[in-house]
Amino acid sequence: MAYPEPLKERFRRGLEEIRAAGLYKQERILHGPQDVRVEVEFPAGELPRPVINLCANNYLGLSSHPRVLAAARAGLEARGYGMSSVRFICGTQDLHRRLEERLTGFLGTEDTLLFPSCMDANAGVFEALFGEQDVLIADRLVHASIVDGMRLAKAQTDTYKHSDMGHLEEKLAEHLDKRARVVVTDGVFSMDGDLAKLDEIVALAEKYDALVFVDDSHATGFIGARGRGTHEAKGVLGRVDLLTTTLGKALGGASGGCVSGRSELVETCRQRARPYLFSNSVPPVIVAAALEVLDLIEESTARRDRLEENTRLWRRLLVEAGFDVKPGESPIVPIMLYNARLAQDFARDLFEEGVFVVGFFFPVVPKGQARIRTQVSAGHERAHLERALEAFVAVGRRHGVLGLGKREIVERFGA
Amino acid sequence: MDDLERAILDYVRREYLEEDDDRQVGLETPLITGGIVDSFSMVSLKRFLERKNDIEIPDAEATPAAFDSVRSIAALVRRVAARRVPV
């Protein structure tokens with residue numbers, strides 16, 4: 001037998017350990033399209049219930065926009081369902097090249113290469129471009145996909161404390177003997193919602209002759225006055241050397257990602273990045289819809305402006321109600337609870353009250369930093385946010401955390 | 001605590017704890033399994049030990065287990081330093 005009992009037992013035990021540690025992930029099942037209000041079956045087998053969605057990456061509310069759906073249908077009819085090929089064999093259509101050119105213009109770079117996801121872009125980019133004589137110096141809170149990409153590369157690695165420019169400068173000076181230095185950061189940090197200090201990072205990189213890499217997945221389409229991303233918000237458009245981002249969040253939310261930046265670097269990825277070389281092309285239906293999303297974003301900033309207003313409102317409501325909210329300006333608004341069990345109970349109780357959020361705790365965030373991460377959308381109406389706040393206040397009162405800071409919450413619930 | 005352990009402990013606190021980090025780090029605190037030092041950050045610790053003690057720690061010995069507490073790191077440094085051939 002190829003699947004012997006001891007092996008089976010090993011995996012059974014592993015799953016039990018995950019359950020015992022309170023880390024078992026259960027999928028919440030949506031009965032309908034992604035939106036700011038959704039019908040969710042949870043736990044599996046229960047009747048679906050209507051809830052306000054505060055945990056989607058649907059920042060611009062475009063996941064189910066009628067124009068996006070129409071463009072996807074038209075793309076399906078005109079270019080078919082699947083490519084049945086990787087890009088470099090027979091999987092590149094005119095649409096793929098058109099989307100890459102549009103993204104290049106939108107992001108203010110020199111060239112762009114599509115990947116099946118941003119996870120794949122991050123998995124491929126470092127290994128393709130950097131070797132043993134180079135060093136990748138990453139912010140300690142970069143996304144897990146960057147960590148994985150760095151592990152796959154042969155380059156040396158180092159880290160600096162989150163957004164600590166003094167520490168970054170120390171590291172850049174320490175690695176002056178390397179062939180290339182690459183500062184690696186998220187644009188908007190996915191768990192804290194703060195923006196990287198890209199203006200300062202670029203200045204340091206120029207001083208120490210280093211490249212700058214930014215994953216702008218939680219920024220593309222809405223951060224910056226025209227939604228170009230963190231580099232626009234921080235006034236360094238054209239000065240970031242490598243940028244990865246996703247079509248799976250604000251840009252329609254289906255899937256697909258890209259590497260964008262200096263033309264030689266992007267072209268080298270086209271030649272050498274393994275997830276590009278060995279996985280299928282982004283399906284035409286997604287490419288056609290993404291082109292329409294870019295049209296929508298470039299026609300008007302109304303959606304990103306609305307998102308900014310919603311974010312300000314949501315932050316203000318939470319702070320006034322007495323929650324410990326991590327400061328920031330992005331639509332990722334974390335409510336700090338510090339204790340993992342409390343974060344889980346809080347999310348469960350909010351669901352009962354009709355609000356869909358998820359609690360995050362170690363190892364997704366550092367130990368003692370458990371939280372509820374909320375994500376605002378341009379699709380939220382003021383009434384959605386006010387209704388969600390009522391639920392937060394009711395649950396906050398139940399757990400006795402309103403008006404408490406970190407010290408008091410930790411004293412009461414433990415870290 | 002001897003001088004070597006103190007120097008390592010100081011470095012760990014300075015390099016890995018954020019300003020608002022109120023975690024206590026002592027000689028036996030689990031660094032890797034405790035989530036204070038990750039595998040990338042371990043590289044800077046290794047480089048610090050090598051520079052400060054004028055040694056080269058073989059990659060095979062720079063394991064997460066050996067780097068999991070200040071005490072075990074100090075023991076590793078002593079082992080490697082003891083093998084050093086005078087030139």
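Figure 1. The C-alpha centres of domain 1 and domain 2 of chain A lie 28 Å apart. Domain 1 covers 22-53 + 302-413 and domain 2 covers 66-299, with bounds from an automatic or database domain assignment. In this predicted model, local features need pLDDT of at least 70 and side-chain atom pairs count only at pLDDT 80 or more, whereas totals for chains, interfaces and linings use all residues. Residues are numbered from 1 along each chain as its sequence is written, chains are lettered from A in the order in which they are written, and side-chain values use heavy atoms, without hydrogens and water.

**Figure 2. The interface of domain 1 and domain 2 of chain A.** Contact (heavy atoms within 4.5 Å) joins 14 residues of domain 1 to 14 residues of domain 2. The two domains bury about 1,100 Å² between them, 61% of it on carbon and sulfur atoms; buried area is the accessible area (1.4 Å probe) that two parts lose on being put together, summed over both. Two salt bridges (a side-chain nitrogen of Lys or Arg within 4 Å of a carboxyl oxygen of Asp or Glu) cross this interface.

**Figure 3. The interface of chain B and chain A.** Here 17 residues of chain B are in contact with 16 residues of chain A. Chain B and chain A bury about 1,300 Å² between them, 40% of it on carbon and sulfur atoms. Glu15(B), Phe40(B) and Arg47(B) supply 44% of the area that chain B buries against chain A, more than any other three residues.

**Figure 4. Salt bridges between chain B and chain A.** Five salt bridges are counted between the two chains. In a salt bridge of Lys171(A) with Glu15(B), the N to O distance is 2.7 Å.
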